[in-house]
Amino acid sequence: MGLFQVENTGASPASEILLAFPPTQVDHLAVVKAQVATGKRKKKTYTPLDVNPKELPDAPNGTKYLSISLLNPLAAGEAVTLEVLYILTHSLEPFPVEISQSESQLVYYHDSALILSPYHIKQQITFIKTPTTKVESFTVVDPTHRAGTELKYGPYNDRPPHSYSPVIVHLENNSPFAVVEELVREVEISHWGSLQITEQYKLAHAGARHKGVFSRVEYQSRPGHSGVSSFRHLLARLPPRVHSVYYRDEIGNISSSRLRLGALKSELEIEPRYPLFGGWKATFVIGYGLPLEDFLFESPDGRRYLNFSYGCPLVETVVDKLTIKVVLPEGSKEPSAVVPFPVNQYLEKKYSYLDIVGRTVVVLEKNNVVPEHNIPFQVYYHFNPIFMLAEPLMLTSVFFLLFVTCVAYLHIDLSLRK
Amino acid sequence: MVGKSEPINGTAKSQPPPSPLSPKSPDLLSGYFSFKSLKLKTKQQELLIRVSILCLVYILAFVTRLFSVLRYESMIHEFDPYFNYRTTLFLTEKGFYEFWNWFDSESWYPLGRIIGGTLYPGLMVTAALLYWGLRFLRFAVHIREVCVLTAPFFASNTTILAYFFGKEIWDTGAGLVAAALIAICPGYISRSVAGSYDNEGVAIFALLLTFYLFVKAVNTGSLSWGLASAFGYFYMVSAWGGYVFIINLVPLYVLVLLITGRYSMRLYVAYNCMYILGMLLAMQIRFVGFQHVQSGEHMAAMGVFFLMQVFYLLDWLKHLLSDTKLFQAFLRMTVTSAVGVGAVALGVGTASGYISPWTGRFYSLLDPTYAKDHIPIIASVSEHQPTAWSSFMFDFQILLFLFPAGLYFCFKRLSDATIFIVMYGLTSMYFAGVMVRLILVATPAVCLISAIAVSATIKNLTLLLRAKTKAPQSASGKGGSSGKAASKGSLDQSQPFQKNGAIALLFGAFYLLSKYVTHCTWVTSEAYSSPSIVLAARGAHGNRVIFDDYREAYFWLRQNTPPDAKVMSWWDYGYQITAMGNRTVIVDNNTWNNTHIATVGRAMSSYEDEAYEIMRSLDVDYVLVVFGGVTGYSSDDINKFLWMVRIGGGVFPVIKEPDYLVNGEYRVDKGAAPKMLNCLMYKLSYYRFGELTTEYGRPPGYDRARGVEIGNKDIKLEYLEEAFTTSNWIVRIYKVKPPNNRW
């Protein structure tokens, strides 16, 4: 989160402001949001701004840029205050890399005391908040202060463009490093009134790797002391009115889960088969049904659209690769997806119960998904309700033919003897 | 079957009357609306009732086997089914040729196992065909669901078969009763609940099919039925090793018929056709191959085959030689020389090694004490133990005393078919007494013979009842099938209280049969529907507690160990580790190599440093033990440990059973033998267990499975380290440390 006060010192009005990121951070960049505050202190209103990647020819050392488009061009000598939020995934590096069951987890946080910027910096202060007061060490770039859970770098005055001053903070962090390495969410639309969702997770503990013995005695008898960086519960927030929830993996049902149904949201508390220590993995599948009328609507132009939330229902987890597959009913045409952020899109075919021509699947792929991506997306398509009757009619005719053959068999005498 | 009852009324709507039968159809249709106007001919009524009973029985047989799915989940049970499931999965993914040529390097490390040549593929192929069929019909089912429901599906088919078999040997009534009895008989249910994806589930169907077709062939003398029975036999051979029972029972039956002078052309055609073609087909199964003509178990069939030819020759000669005296002399000579030649051939064959001797398992069937003395690996399996009386009662209930009654009826009306069922019943009952698992083979025979008893009794009683009211009709109309009973009914008319007695007896029969139904349902739901991989218990507040430790451990192995890790455990868990944990095992439930198993047994019963040498030589990375001391789960490795010692000691005399016993007593507490307290199995089971309080008011280290405080609480491991222990301690996995650096 950065608060920028930007002044145009040039001659011509500026319509955009550039943000710079070192190449190591760009790959882990999940979200960048910028907003501008208008009004006085109490009646502040925020207006979000567009952020787009931009290529600059003279970028030093592979620096990547994002440009923020301002609402009104900034005239020469004018200043504006911007708030920029960006989220990086995998930016904490566990050190030591391997820990035993009784140790707590320490991580390195790499950053720069001075923000990388193509502009001249008049003054900057960097605050780093740590989860606990336990900090092993931190780089000192004078002036640097540490108080409680806060580290303050700066203020630094009058720095040239592209100045960079790396800092490393070595701190304790025992929050669960639950990372979903791969998540495939399949949303199957049935116009008979339900939406069936199947989510396949590949979960890993991305913190410091577990080393040596796992002792059940210690894990059971000293829960606060042993395996503090491990986790055994996960919480999934599901939409309200969810039904027929299941939680299983390749070898069967996992019996340790709890479902709380609510009016606004349902909460599914799941427990993997074993507690996850650093480096341990677990794969599982969550599936549930939802009432169709909450998610499927008809747009004014006669098309139907599915309005569903992107992102992972697990609370506070990072998804490295998220694939959403929207399985449209058989016979639907011209699918098109509207997603509020860039995703990789393509179409597939899937055959389910009693399908003949197959169902169109809209596949949406995105890397580095964080909880901020839990915003709705839409898939539009044309669907003729007559197709709903295809499968019942097929079944009816099969049974009818069966009975007819039985009748024929009983009534026709095929024997040669008279 | 399903369609047959409905289409009769369906005609009225759809078709103009094409045959003389249809004019009655409108009546039938209207019969649905008002019951009074239902005017069916007696024959049609009977057909309708019969078909609907069969449909209901068919559904019942399927539904009663679904307890396990409702109580637990749609999952594979026990041990062997996991191997079958794994191979089926392989078959559906890779196709038949890959499956046939599959060399499995994930089991019996470092030897491996040639799967295609060492299994009966019938079950897997059946399930795969069902799966492909359903897929073709666009039912997007998972192969697991197909595997789980294969056994109930075949059980349902078996009921239909039992009906036809009963009809063949007695009458339709007996067939219907047999179908109903076998549908819920616990002896059969024990091996065919949903999820029990084992060879037996399909094999009982195949067994009964072969027998039915053979009896049909004997009754009709038709070549086509004989061919059909050969194919039935082929299916049975492809499905289960129990086919040996068929190939010995059928010749025995033929021999009995020959001795009792019931030789006929029908028998000749049926047996020769079935034997020759069946043999050729059976030899196509790689696991059987030339055994079918070489091994001792199959010699009886071949001997009887040659004897048949001699009989035929004699029959022909008798026809040629009209002189009786000359024929008698010739007969004596031929029979003596035939028997002599046969004996010499058998002797030479056995001596030269061309004919292999009987296998241990077969021998232990004939001599129940054989395995106990000679082959501990067979004796160690719980389902190979001799059957207790209680389990007969448990599995058969009223059938146990209906069986002799049925035998009585069979002897009263002796025919080729009833002789067969009597022989099948008696021999299989003997085998059921020798081994618990063979109750399964006896079940169809017991059900069929009991069905004869039930059906005949009830028929006689109802005839008595009806004879009073309309005496002339019953004597003439129903006399056809059981003439004696009918005539007896009309004869006894003069006796007083006869009608009341018959009513009382009918109620008695009804009471017994309903008791049977409740017993079967209870047994099915309580005893035979737990998957044994998930354990359920009642908690302190009456709630259901699930112990899912096995899968917890297997899934941990699957996710968090290197893909090529080798896991050493006792052979019981081998199939499950490869199927669920997806890791290589040293030994598994296919106990083909006794030495390899003995090596594992030796490692488990040695001191840690000696065991480490063995484990290093086998490239073991992880050791898995099952331990019930925390939960009180009694079938754990400590309780199986003496078998490991025995099997290990059978090959390696270093291991001596008395070293682990104190005065012939097996104990784990302070008074245990020192070797016991320090062997690998003890150490791995009780490692750090001494720090744990399992029960309130007991000292730490109290073993709940054996009810004692353990004797060695300070266990140090030098060459292994604890890698994972499940939440209830049932499965404990240890990692074998790499050797120390030399400097």
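# A tour of chains A and B

Glu552(B) is buried, at a relative accessible area of 4%. Select this residue to begin; the model is a predicted one. Arg216(A) belongs to helix α2 of chain A and Glu552(B) to helix α29 (residues 549-560) of chain B, so the pair joins two chains. Arg216(A) counts as buried because its relative accessibility is 2%, and the limit for buried is under 20%.

**The interface**

Next, show both sides of the contact: 34 residues from chain A and 40 residues from chain B. The area buried between the two chains is about 3,400 Å², with 59% of it from carbon and sulfur atoms. Select Arg216(A), Ile251(A) and His411(A): these supply 20% of the area that chain A buries against chain B, more than any other three residues.

Which residue of chain B forms a salt bridge with Glu250(A)? Select Arg558(B); here the closest N and O atoms are 3.6 Å apart. The interface has four salt bridges in total, and 17 residue pairs in polar contact.

Now colour α3 (390-411) of chain A, one of the elements that each supply at least two residues of the side touching chain B. The largest share of that side, six residues, comes from α3(A). By class, this side of chain A has 16 nonpolar, 10 polar and eight charged residues.

**Salt bridges within a chain**

Move to chain B and select Asp104(B) and Arg86(B), which form a salt bridge with the closest N and O atoms 2.9 Å apart. Asp104(B) is in strand β1 (residues 103-104) and Arg86(B) in helix α6 (residues 80-94), so the pair ties together parts that are 18 residues apart in sequence. Both are buried: Asp104(B) at 2% relative accessibility, Arg86(B) at 13%.

Back in chain A, select Glu186(A), Glu188(A), Lys350(A), Asp355(A), Arg359(A) and Glu391(A), which a network of salt bridges links. Over all chains, the structure holds 49 salt bridges.

Finish with β14 (residues 150-159) of chain A. Strand β11 (residues 121-129) pairs with β14(A) in the antiparallel sense over seven bridges; Phe127(A) has Lys152(A) as its bridge partner. Strand β13 (residues 144-147) also runs antiparallel to β14(A), joined by four bridges, and Thr144(A) stands opposite Tyr153(A). Where is Gly148(A)? Look in the turn of the hairpin that β13(A) and β14(A) form, with two residues between the strands; Gly148(A) has a positive phi of about 60°.

Definitions and conventions: Residues numbered from 1 in each chain as written. Chains lettered and ligands numbered in written order. Predicted model: local features only at pLDDT ≥ 70, side-chain atom pairs only at ≥ 80, totals over all residues. Heavy atoms only, no water. Contact = heavy atoms within 4.5 Å. Buried area = accessible area lost by both parts, 1.4 Å probe. Salt bridge = Lys/Arg side-chain N within 4 Å of Asp/Glu carboxyl O. Polar contact = N/O pair within 3.5 Å; in protein donor to acceptor, adjacent residues only side chain to side chain. Nonpolar A, V, L, I, M, F, W, Y, C, P; charged D, E, K, R; others polar. Pairing = 2+ DSSP bridges. Buried < 20%, exposed > 50% of the residue type's maximum accessible area, 1.4 Å probe, protein only.
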